[in-house]
Amino acid sequence: MNLTKSLYKKFGLGLAVVMGSAMMLGACGDNTATPVPAATTAAATTAAVATTASGATGAKADLSAAKGCKNVAILLPETDSSFRWEALDRPLLQQEIAAAIPGATIQYSNASNNADTQQNQAEAALTKGACILVVGAKDGDKASAIVQKAKAAKVPVIAYDRLIQDNDLAYYVSFDNVKVGELQGQWLADQYKAGNYGLKKGAKLAMINGGQTDNNALLFRQGALNKLKPLVDSGDLTLVYDQYTPDWDNAKAQTLMEGVLTAQKNDLQIAYVANDGMANTVIAALRAQKLNGKVPVTGQDASDDGIKNIITGDQGMTVYKAIPLEAKATGQLVAALAAGTDPGSIINGKTKTKGGVDVPSVLAVPVTVTKDNIVSTVFKDGFVKKENACKGLPAGTGGIC
Ligand code: BGC
């Protein structure tokens, strides 16, 4: 089955949407280049992309090995903390790259959340003749070594979904990740302002962030705080907990939430959670204290479980990221690199590395999903099948199943 084709058919999307995103991202794309507001905590300092670096020049990557390339390596970061990498990114990337370079050898590896493993996998791929690397980095800082190894062989690296902090990066393909966090934070701020979930002044907020070695986790947190910090500063919300979760590990997220509930004697009103996998285990921790459905919980990825948790009311929202668009754009960049042409108009933004270089980027638009628009977004696009989200739920649950 042609997965992209079927998803695109279901999505009713095509290149036009990438271009549409490009237009929508005209403004957002600028965000990535604009210094973010002053960091407020130690963690936020690391979250700020290129707030301090400016004026660094950075050598332009030498892409010459890519011309005529017939051997592409895909390196993804992990298998178990989000369903997306093996279930969606892997097959979609393989398909898009096969279409971009007919007859190409495609090498695939997954780092299982280990940066050293990923480094070894990259070196092995280069040894086996890879002339373009597509890397979803386990560790955005450490993966700079991969870019430098590749550079020595004149092989360009496309940072996939997660930024690599290296000035020789060829391209970056992702979503507007500050925006992802802003959608999560905005939804929580809206719940407070509407008095939903019985939220009142002083409501206690815990933040369970993603894995700190993933640049995205920093951006999601930064975006969420863009919306929540004003409410914390005014005393409307009380931030009682704000931690990264090593490796985005779902089980660790549950342990963190259990610790928060114990420390707060179950007096917790809001749970910011960075993705659906962790939201699912955080909900288990809440359920053990009979607080599920009473405490608003955020998520991301529009997983089957995330959508199910929204339908039952245990989770309030998720962020839908149309991964087929991300893979499609990557295929287009690979095609341009192999042809030695400029990718032109699919580049819709630039992203500054810590070293101060603007990396040409394709950034797609994330979408908030709540109970109100599940049907018109993820079901309609075929991203989540109703039978999967409703599996095991009584007919009529949430007015959706
Ligand atoms: C991705 C998310 C994913 C997370 C954990 C992030 O870099 O953008 O979609 O949930 O990693 O795998």
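How far does a polar side-chain atom of Asp 161 lie from an oxygen atom of the ligand? The distance is 2.6 Å, within the cut-off for a polar contact (a pair of N or O atoms within 3.5 Å). A polar side-chain atom of Asp 214 also lies 2.6 Å from an oxygen atom of the ligand, and for Asn 275 the value is 2.9 Å. The protein covers 100% of the 310 Å² of accessible area that the ligand has on its own (Shrake-Rupley method, 1.4 Å probe).

The model is predicted, with local features needing pLDDT of at least 70 and side-chain atom pairs pLDDT 80 or more, while totals for chains, interfaces and linings use all residues. Residues are numbered from 1 along each chain, and side-chain values use heavy atoms, without hydrogens and water.

Around the ligand are 13 residues (a heavy atom within 4 Å). Glu 78, Asp 161, Arg 162, Asp 214 and Asp 301 come nearest. By class, the shell has 3 nonpolar, 3 polar and 7 charged residues, where Asp, Glu, Lys and Arg count as charged, Ala, Val, Leu, Ile, Met, Phe, Trp, Tyr, Cys and Pro as nonpolar, and the others as polar.

Methods. A polar contact is a pair of N or O atoms within 3.5 Å; within protein, one must be able to donate a hydrogen and the other to accept it, and residues adjacent in sequence count only if both atoms are side-chain atoms.
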